[in-house]
Amino acid sequence: MIRVSQLMETCIRAGQRAGNRIKSIHSSGNLNCVEKGDGQDKITGRPMKDLQTEADRQSESIIFSTILKQFPGIKIVGEEETSGFNMDDDRSEVLGSPNGSLAVSSPTGGLPSDMGEIEEAHVKIFVDPLDGTSEFVRGRLHCVSVIIGIAYKGKAFAGVIYRPFPSAEYPDECMYGVVGFGAFIDQQKIDPTVIKRNEPRRLTTTLSKSNRVIERVFELLQPCVNAKDGGAGWKSWLVINGQVDCYQYPRPGTKRWDILAADAIVTALGGVCTDACGRRIEYDIREDYTNVWGVLLCRDKEWHFSKVVPACHRALTEAANDPEYNQWPHGLAIPPIEISSL
Ligand code: AMP
Ligand code: MG
Ligand code: MG
């Protein structure tokens, strides 16, 4: 059995340490950037860079060493598939931002010190050590985040999203939450009873990987603001803090490490994360899972299922059945809408 408070303390610390390493690599200027993919987006066919920098690699190494030192038997999966990491990497990073202020000064921030225990065998951690790598390389630093998601028995359970580069406009650093125990930004508890509804509704999606389905969803949900931005962690952050109403990405591309933390935090606040057909994302132990039908994230559960899921489903169905449109999801059977427990 492991104590939830100890697990959260460790994951928050891991996120801060990783964020500090990302900052120092950024200031050194030695990003040592390589291309991971084949240079093409398989869905849109457009050129797409899937980049990895020294900061992605070292961030993952720090997170793995910090977590595995505390919980040697825990299952953990990282985007960069770190294997030969240095177990002492966690020691080398001093906690705290360069200006001396700690985003989360008490080890578990505002979370209760006793959140009970969970069985280690049913825990699986998904790590995106640097989400928004292309934004990082381009210098759009406010979009960059470190994402640590914790699944328990295949369901979203807890998450940490850490922003290494808070700005004057977006000063907050760390968002974290545990299902059943609430969610926080830095030390501030997010009130689950207050769901800000922007008028007109604000939707966010990818800046760089849009396709016909995504654009159609904006049309179907008019009137709404199309607030495109970078990074899955950052877009999730905007939904959770109420600046936008929905993160829509009804197409393949995101992985569980992109979305698990946000799923847990939004669930802790009574919100919801599903695919474009309204089905919960699975976080069980199967390695072959791919998130084919994308991701939708909203604080407002009622609106999610009554408007957003039907709009995505209609946009998918239209694209699948249009003989003149030959890109994904043309010719595919779209799964029926599932309205999971409102
Ligand atoms: P974007 O919204 O385009 O900035 O993407 C946000 C994050 O989602 C990226 O940093 C990736 O981690 C992930 N992602 C989304 N689409 C893809 C894709 N087609 N291939 C790989 N990763 C993706
Ligand atoms: Mg990512
Ligand atoms: Mg990444």
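# Notebook: strands, magnesium ions and cysteines

**Entry 1, strand β9.** I began with β9 and found both of its faces covered: Cys174, Tyr176 and Val178 on one side, and Met175 and Gly177 on the other, are all buried. For burial I used relative accessible area with a 1.4 Å probe and protein chains only: under 20% is buried, over 50% is exposed, and anything in between is partly exposed. Helices (H or I, at least four residues) and strands (E, at least two) are DSSP runs numbered from the N terminus.

A note on what I am looking at: this is a predicted model, where local features need pLDDT of at least 70 and side-chain atom pairs count only at pLDDT 80 or more, while totals for chains, interfaces and linings use all residues. Residues are numbered from 1 along each chain as its sequence is written, chains are lettered from A and ligands numbered from 1 in the order in which they are written, and side-chain values use heavy atoms, with hydrogens and water left out.

Back to β9: five of the five residues in this strand (residues 174-178) are buried, so β9 is largely enclosed by the rest of the structure. I then looked up its partners, counting two strands as paired if DSSP finds at least two bridges between them. Strand β8 (residues 155-162) pairs with β9 in the antiparallel sense over five bridges, with Gly159 opposite Gly177. On to strand β10 (residues 182-185), which runs antiparallel to β9 and is joined to it by four bridges. There, Val178 stands opposite Gly182. β9 and β10 make a hairpin with three residues between them, and Gly180 in the turn has a positive phi of about 95 degrees.

**Entry 2, the magnesium ions.** Which residues coordinate the magnesium ion (ligand 2)? I found Asp128 (OD), Asp131 (OD) and Asp258 (OD), at 2.0 to 2.2 Å. Donors here are N, O and S atoms within 2.8 Å of the metal (3.2 Å for Na, K and Ca), and water is not among the atoms, so sites may look incomplete. The sequence spacing of these donor residues is D-x2-D-x126-D. Asp131 lies in strand β6 and Asp258 in helix α6 (residues 256-268), so this pair ties together parts that are 127 residues apart in sequence. Asp131 and Asp258 are both buried.

Next came the magnesium ion (ligand 3), coordinated by Glu79 (OE), Asp128 (OD) and Leu130 (O) at 2.1 to 2.3 Å. Its donor residues follow the spacing E-x48-D-x1-L. Glu79 sits in the loop between β4 (75-78) and β5 (117-118), and Asp128 in strand β6 (residues 123-131), so that pair ties together parts 49 residues apart in sequence. I noted that Asp128 bridges the two ions, ligand 2 and ligand 3, which lie 3.8 Å apart. Asp128 is buried at 1% relative accessibility, and Glu79 is buried too, at 19%.

I traced five strands in the order β13-β12-β14-β16-β15, forming an open sheet with mixed pairing. β13 (224-226) and β15 (272-274) are at the edges with a single partner strand each, so one side of each is left without a neighbour in the sheet. From one strand to the next, the twist averages 20 degrees. β15 and strand β16 (residues 295-298) run antiparallel and are joined by three bridges; Val272 has Cys298 in β16 as its bridge partner.

Helix α7 (residues 301-321) packs on this sheet, touching β12 (201-204), β14 (246-249), β15 and β16. Contact means heavy atoms within 4.5 Å. The direction of α7 makes about 150 degrees with that of β16; axes are lines fitted to C-alpha atoms, for helices over the stretch in contact, and angles run from 0 to 180 degrees between N-to-C directions.

Is Asp245 buried or exposed? At 5% relative accessibility, Asp245 is buried. Among the residues that Asp245 touches are Lys196, Leu297, Cys298 and Trp303.

For Cys33, the nearest cysteine sulfur belongs to Cys143, 16 Å away. Cys33 is partly exposed, at 36%. The sulfur of Cys224 is 9.3 Å from the closest cysteine sulfur, in Cys246, which is too far for a bond. Cys224 is buried, at 12%.

Conventions:
Disulfide = S-S within 2.5 Å. Lists of a residue's contacts leave out its neighbours within four places in sequence.
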